[in-house]
Structure formats: C-alpha cells, structure tokens
Amino acid sequence: MQLAAAPLHDNKRLLALVQHEALTLLLDFDGTLVPFARTAEEATLDPSTEALLVGLRASGANVMIVTGRPQRLVVPFQERCAGIWWAAEHGSWRCDPSGAWEGPPPIGEIDELEKLLAPFLLIGGVRLERKSLSICLHWRECAEVLKAPLIVAATSTCDEWLESHPDFERIEGVEMLEVRRRVANKGSAVAWARRQFAGAKVIAIGDDVTDEDMFAALHDDELAIGVGPRMSTRSAFNVAGPPSVHTLLRWITDVRTSGITRAFVGLAHAAPAPQPKSALVVVSNRLPPTGTGRARPVGGLVSALEPALDAHDGIWLGWSGLDADGDRPLVFDAEDATRAAFDFPRGWREHFYAGFCNRALWPAFHGFPGRVEYIDKDWEAYVAANQEFAARARALALRDGTIWIHDYHLLLMGRALRQGGFTGRIGLFLHIPFPAADIFDTIPWADEIIDALLALDVIGVHTARWANNLRIAFDARARGRSRPEIVVLPIGVDPAHFTGASGSQHVAGLQAVLGPRKLVLGVDRLDYSKGIPARLAAFARMLEVYPELRRRVGFVQISVPSREEVPEYARLREEVEELVGRINGRFGEADWVPVRYLYRSYEREVLAQLYRAADVALVTPLCDGLNLVAKEFVVAQDAAKPGVLVLSKFAGAAAELSDAILTNPYHPDGMARDLHRALAMNLDERVHRHRRLRAALEGNTPQAWASAFLARLREQERSVA
C-alpha cells in the first residue's frame with residue numbers, strides 16, 4: 001500500500017503525547033524492535049537496541065515490551081535491560097523491573113492439539129512452539145512449494161479442535177498460526193500497564209495481527225503506530241520497519257530529555273483510495289469468516305448473498321466479534337474487500353447480543369416465554385447498537401441505494417436509517433419465526449419494534465404462518481399507517497453442493513462401526529429450540545417399545561457449538577450429554593452403542609455424505625423459522641434408494657416438505673412411532689415420497705431466493721423524502 005507523509009495534526013498529536021509527563025510505551029518485539037529471523041533464537045537484541053531502551057527509560061517514560069514469545073525466550077533479554085517491564089506470551093506472563101515473573105501454569109487442554117499438530121513436524125522447516133496458554137506452528141523455513149497445502153491442512157486441524165474448545169481461538173501471524181486461550185491477548189497487557197502506571201498516556205507500536213488487540217484497548221487520546229507494510233486500520237499511521245522504529249524511539253528520547261519540538265520526519269500514514277459508496281449494503285449482526293476450510297461457513301445465507309454482492313459491487317457489514325475501548329474504526333477484510341466490520345464497545349456483547357437478542361427476542365420469537373428475560377439495560381443496548389449499525393451502513397451506501405438487513409438483531413435499524421436521512425430502499429429478512437400475538441405482546445417495547453418496522457419497504461419471512469403473525473401485529477399497533485410489503489420467500493439449497501462428494505474418512509469410519517445397522521441422523525446447532533433432548537427421549541422410547549430394533553439401529557447426533565458464552569447453552573450441552581450417557585448405559589451392549597454424540601461441525605462435503613448414508617434424518621425442532629438441514633437431506637439423497645425425512649410440523653420447512661413424515665416433537669410416544677414407521681418404510685414409498693419432496697424444492701436455490709427478494713425490493717416506489 002502506498003504510504004504518504006502524515007498530516008501536520010498527526011505529528012502534533014504524537015508530539016503532545018511524547019511530551020506528556022507520564023508516558024507509557026508498549027512495544028512489540030519481533031518485526032518491531034528487531035527484524036524477523038528464521039527462528040526466534042536468531043532474532044535478538046543487539047547492544048545498541050538495549051541501550052536505546054535503557055535511554056528511553058532514563059527519559060522518564062515507562063517502557064513495556066509486549067511479545068508473543070514464550071516466557072523462557074524473553075528471560076535473557078529481561079536480565080540485560082534494567083528498568084524495563086516485560087509481558088510475554090501475549091501478556092500472559094509478566095515481569096516488573098525487579099525481575100519477578102508471574103504467569104499461569106501450562107494447561108493440559110493443548111496437549112491433545114499438540115499431538116494432532118505433531119505430524120506436521122515431518123515437513124522440513126516446520127517448528128512447533130508450546131506456550132503456557134497456546135501453541136504455535138511456524139513454517140518460515142519451509143519450502144515455498146509445501147506452504148500452501150501445509151497451511152490448509154494445519155488450519156483445518158486447528159479449526160476442528162476449536163469446535164469443541166470454545167475458550168480458544170486461532171490467529172494468523174507472519175508465516176505462522178497460533179491457537180490460544182481467548183484471554184491470552186495483548187489487550188490484557190494494556191490493562192496491566194494501566195494498573196502499574198496510573199494516569200499515564202499510552203503509545204503502542206506493533207506490526208502484526210496480535211498487536212490489534214493492544215491497539216483496540218487504547219483510549220481515544222492515545223496512539224497506535226503500525227510497523228511495516230501490513231497496514232492496520234486501528235493505527236493512526238505507520239513507520240517502515242524496525243530501523244524506523246529505532247529512529248522514532250531515539251526522537252522520543254530527545255524530545256523528553258532535550259526539549260526539542262521538531263516533527264518526526266519518518267511518520268507516514270496509509271493513503272488508500274477512498275471507499276466508494278455502494279449500491280447494495282447487506283447488514284447482519286455477525287460477518288461470516290473468510291478463508292477456507294472448516295472456518296469458512298457454507299450455509300445458505302453466504303452462498304445466497306455472495307453473487308448479489310458481486311453483481312452490485314456490494315458490501316457486507318457486521319460486527320467483528322471483538323470488543324474495544326476508544327476509537328472503533330470500520331475495518332475492511334484484507335482477504336475480501338466486500339466485507340466490513342467494526343468492534344462493539346464493551347458491554348454490548350453482554351447486553352445487546354447475549355442480553356436482548358438472545359435472552360429476550362430469541363426465546364420470545366420461538367415461543368418460549370418462560371425463558372425470556374426483559375431487562376431495561378439490555379433494551380437500551382439494543383437501541384444503541386441498531387443506531388450504530390444504521391450509521392455505519394449509511395456511510396457505506398449510496399443515498400438512493402439499497403440496504404438489506406438480516407434477522408432479529410436489527411429490527412430497529414430501518415427507523416434509524418430513515419432518521420439519519422437515508423432515502424433508498426430498505427429490506428429486512430427475518431430468518432426466525434415471528435411470534436403469535438399473545439407472546440409478542442409480552443415484549444415491553446413491542447410498540448417501538450412495530451414502529452421501527454414501518455420504516456422498511458419489504459419484510460421477508462420463510463412461511464405464511466410467520467407472515468400472518470406479523471400482519472396481526474401491524475393490525476394491532478399500526479392501524480391506518482403505511483406498511484411494508486410482507487413477502488413469503490423460503491430460502492432454498494443448491495443441490496450441486498450436496499451431491500457428488502465421497503471418500504470422507506469420517507463417514508467411512510462411521511459406516512464401518514455401524515456395519516449393517518440402520519443409521520438415524522440428527523444435525524443441529526446446539527439450541528433449546530431444536531428439541532434435541534426430546535428427540536433423544538423419543539429414540540429411547542422407541543428402543544423400549546420396539547425392542548426388536550435394539551442392535552439393529554444407531555443414532556448419530558451432531559450438535560454444532562452455538563453461543564457458548566450464554567449460560568443457558570452451556571447447561572443445555574450438559575443436559576444432552578447426560579441424556580446420551582443414560583441411554584447408552586441403559587440400552588448399550590459391548591458391541592453396540594445406541595447413540596453417538598458429536599459436539600462439533602463438519603464441512604459441507606462431509607455432511608452431504610452423512611446425509612446419503614443415513615436411513616432416516618430426524619429433524620425435530622420445537623420451533624424453527626425454516627430449517628435448512630431438512631432440505632439439505634432431501635437434495636443429498638440417492639433418488640434410487642433415498643432415506644426418509646422425519647420432520648417436526650413446527651419447522652418452517654414443513655410448509656414445503658409435506659411429504660416428509662411430519663411429527664410432533666412434544667409427544668415422545670408419537671415421535672417414537674413415527675421413527676419406527678420411517679425405519680420400516682419400504683423402498684417404493686421412500687422413492688415416491690422423495691420424488692415429491694425433491695420436486696417441492698426444485699429451482700429454489702439460495703441465489704434465486706436472494707434475486708427474488710431484491711427484485712421485490714426494487715419494485716417498491718415508496719416515497720421517504
């Protein structure tokens with residue numbers, strides 16, 4: 001990226017901070033203080049750099065080195081640099097100038113991942129670095145031709161492990177990837193520095209993605225400086241590399257000791273082309289991650305929206321998943337410039353996302369009033385978040401462009417857009433149910449929600465039932481006012497994504513274990529609306545009532561981790577795992593495990609093979625806006641010998657898939673009978689039902705769904721001037 005001289009006000013801002021009596025400098029190590037080397041052991045502090053750090057400390061500045069290096073590799077430097085503070089392993093290990101280190105003991109959870117990554121050490125030039133709270137795979141010395149397949153395989157291995165370890169995250173650095181505890185980040189070092197140096201102002205300098213956590217923790221009146229070609233959207237400006245960092249640090253020392261006031265000439269700032277306004281901005285609470293492998297989602301919404309974004313040079317806006325103090329700039333994805341994200345201020349994760357969205361709207365809209373918590377502070381965060389999403393979207397969209405909002409997190413956004421002067425078309429697609437009147441009426445702010453929805457041009461839902469509930473709410477609260485068009489547009493699946501794949505070791509291993517037994521398959525996010533405990537109870541009831549099926553059938557339940565930070569979901573996981581244990585303990589034999597429970601996700605290709613291998617798919621949510629798993633199962637089947645779909649009549653997909661065996665998930669005996677019927681169904685009936693189910697889905701791909709919604713939105717000529 002082209003660099004330009006920093007504007008005068010940036011130099012003045014830097015000078016004012018440097019002159020502050022209580023200044024704290026937080027400095028990254030590799031790539032910032034010292035150039036990168038082939039190995040960490042080869043990148044070391046030379047005497048001139050040590051003298052530079054000591055001189056900074058003598059100027060009255062607090063100096064803290066914040067590095068991702070293991071603590072053992074930092075100790076030799078700490079012993080040679082008097083008066084310097086150190087934070088190793090991204091702030092997990094800390095050392096004051098006295099030389100006293102404190103840090104956590106190694107955690108055993110990483111042992112399993114270390115074993116999984118060990119085979120990569122057979123590739124020349126690959127190193128594995130173990131730390132207290134993380135493990136890091138380096139490939140700087142690896143041959144170039146081997147790097148691409150290595151990165152794909154290692155990333156997939158880490159992401160698979162992460163599915164069952166939600167307290168950890170994967171980060172990518174220069175020629176490496178690291179899996180660490182989420183709490184082990186450089187933002188914690190900033191908090192530690194504030195406790196040590198009360199009243200100080202901070203300048204943070206760093207070069208890679210791990211330093212973004214440090215930058216995000218700064219206050220508005222503090223400064224982040226990036227190093228090298230990787231431009232950080234969180235840093236005010238950049239310097240070229242470690243030699244420029246040394247020049248900057250010498251200038252800081254001179255300012256503080258000699259009183260000079262000349263500007264620092266090595267300062268630069270990014271000068272990218274201005275972001276053009278877009279004709280289409282898609283907004284959702286979270287952005288799907290980019291990249292490949294298990295981290296990349298393959299769901300209907302992503303495959304539906306990507307062609308629409310390409311066709312309109314559109315932008316997808318969402319929350320980054322991070323929290324930050326101070327300035328929270330809009331960050332465009334380095335891999336995909338169509339995606340823009342911003343951090344939440346601290347507190348929104350708890351009160352907006354986990355609070356009003358998931359403790360109020362989610363249970364209310366799914367018909368679980370007993371699980372609802374209405375808290376004023378949560379509602380206030382919801383209002384504030386919707387206003388910020390609207391402001392961010394307005395900044396990206398043409399004044400008369402199109403903004404397409406997705407789901408229940410952003411029900412107030414349309415009104416905020418209109419209040420901010422946006423005159424283009426606004427659509428909302430609600431992917432979850434809209435509740436019946438008696439439940440919607442329990443929401444203390446129901447009037448405000450309906451008033452905000454009136455600012456929209458089109459609202460899309462999956463079924464006529466949800467559309468009717470929405471019309472009733474408008475009739476009760478918006479009589480005589482202009483309303484948005486309500487359209488029923490159930491999203492589809494692309495059959496091409498679920499046919500043709502073969503050869504998965506996961507599926508082959510499962511089939512080998514099952515042998516001739518029939519396979520019942522459940523695939524869901526782990527959510528109380530999916531009815532997984534009721535499904536397990538019905539399976540157990542079937543084994544009790546039809547003992548001839550014992551040893552002749554196996555149930556595989558895949559539960560994709562979901563909202564692990566919400567306590568209700570952690571309790572649900574415990575309930576499900578306990579129920580699986582009881583069923584296996586009661587009915588299992590030495591050579592037969594009735595239920596195999598997998599708490600993880602699978603790539604689409606593996607799911608497609610599991611769908612085809614299954615004799616019965618048990619898709620039994622207590623309430624669901626649609627349910628794409630049911631549709632994926634149908635299109636994945638071999639038409640000559642298809643499996644049977646047992647589908648809850650309370651899933652939105654039941655409106656289209658009436659030739660499934662529709663069941664009542666609230667009635668264990670009835671669901672047990674329906675499951676038995678599915679397992680006993682002859683081939684002719686299976687083929688007949690599948691043919692009709694497949695015909696019901698014909699042509700309704702995610703791309704067609706997105707095109708149809710945008711076409712309805714274009715037809716609106718409503719005046720909003």
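Predicted model: local features only at pLDDT ≥ 70, side-chain atom pairs only at ≥ 80, totals over all residues.

Residues are numbered from 1 along each chain as its sequence is written, and side-chain values use heavy atoms, with hydrogens and water left out.

**Cavities**

Rolling a probe the size of a water molecule over the atoms shows where empty space is left. Here a cavity is a set of points, on a 1 Å grid over the protein atoms alone, where a 1.4 Å probe fits but cannot get out, and its lining residues have an atom within 4 Å of a point. Grid points are joined across faces, edges and corners, and the volume is the space filled by probe spheres set on the points. By this rule there are 4 cavities of 30 Å³ or more.

The largest cavity holds about 410 Å³ of space, and among the 29 residues that line it, Asp-30, Phe-36, Arg-69, His-138 and Met-176 lie nearest its centre. The strands β7 (127–130), β8 (134–138) and β10 (176–181) each supply at least two residues of this lining, where helices (H or I, at least four residues) and strands (E, at least two) are DSSP runs numbered from the N terminus. Sorted by class, the lining of the largest cavity has 8 nonpolar, 8 polar and 13 charged residues; Ala, Val, Leu, Ile, Met, Phe, Trp, Tyr, Cys and Pro count as nonpolar, Asp, Glu, Lys and Arg as charged, and the others, Gly among them, as polar.

The second largest cavity holds about 70 Å³, and its lining includes Phe-633, Val-634, Asp-659, Arg-686 and His-690. At least two lining residues come from each of α20 (628–636), β27 (644–648) and α22 (683–697), with α22 giving the most, 4 residues. This lining divides into 7 nonpolar, 2 polar and 3 charged residues.

**Helix pairs**

Two packed helices are described by the angle between their axes and the distance between the axes. Axes are lines fitted to C-alpha atoms, for helices over the stretch in contact, and angles run from 0 to 180 degrees between N-to-C directions.

| Helix pair | Axes come within | Crossing angle |
|---|---|---|
| α20 and α22 | 9 Å | roughly 115° |
| α17 and α18 | 10 Å | roughly 10° |
| α2 and α8 | 9 Å | roughly 30° |

The crossing of α20 and α22 is left-handed, a term for a near helix turned anticlockwise from the far one by less than a right angle. Lys-631, Val-634 and Val-635 of α20 make the contact with His-690, Leu-693, Arg-694 and Leu-697 of α22, contact meaning heavy atoms within 4.5 Å.

Because angles under 35 degrees count as roughly parallel, α17 and α18 are roughly parallel to each other. Among the residues that meet are Leu-536, Ala-540 and Leu-543 in α17 and Leu-572, Val-576 and Leu-579 in α18, and the contact has 12 nonpolar, no polar and 3 charged residues.

Helices α2 and α8 are likewise roughly parallel to each other, and their crossing is left-handed. Thr-49, Leu-52, Gly-55 and Leu-56 in α2 meet His-246, Leu-249, Arg-250, Ile-252 and Thr-253 in α8, a contact of 4 nonpolar, 4 polar and 1 charged residues.

Key:
1 Å grid on protein atoms, 1.4 Å probe; cavity = no way out; pocket = protein on both sides within 12 Å on 5 of 7 lines; lining within 4 Å. Parallel < 35°, antiparallel > 145°, perpendicular 65-115°, else oblique.
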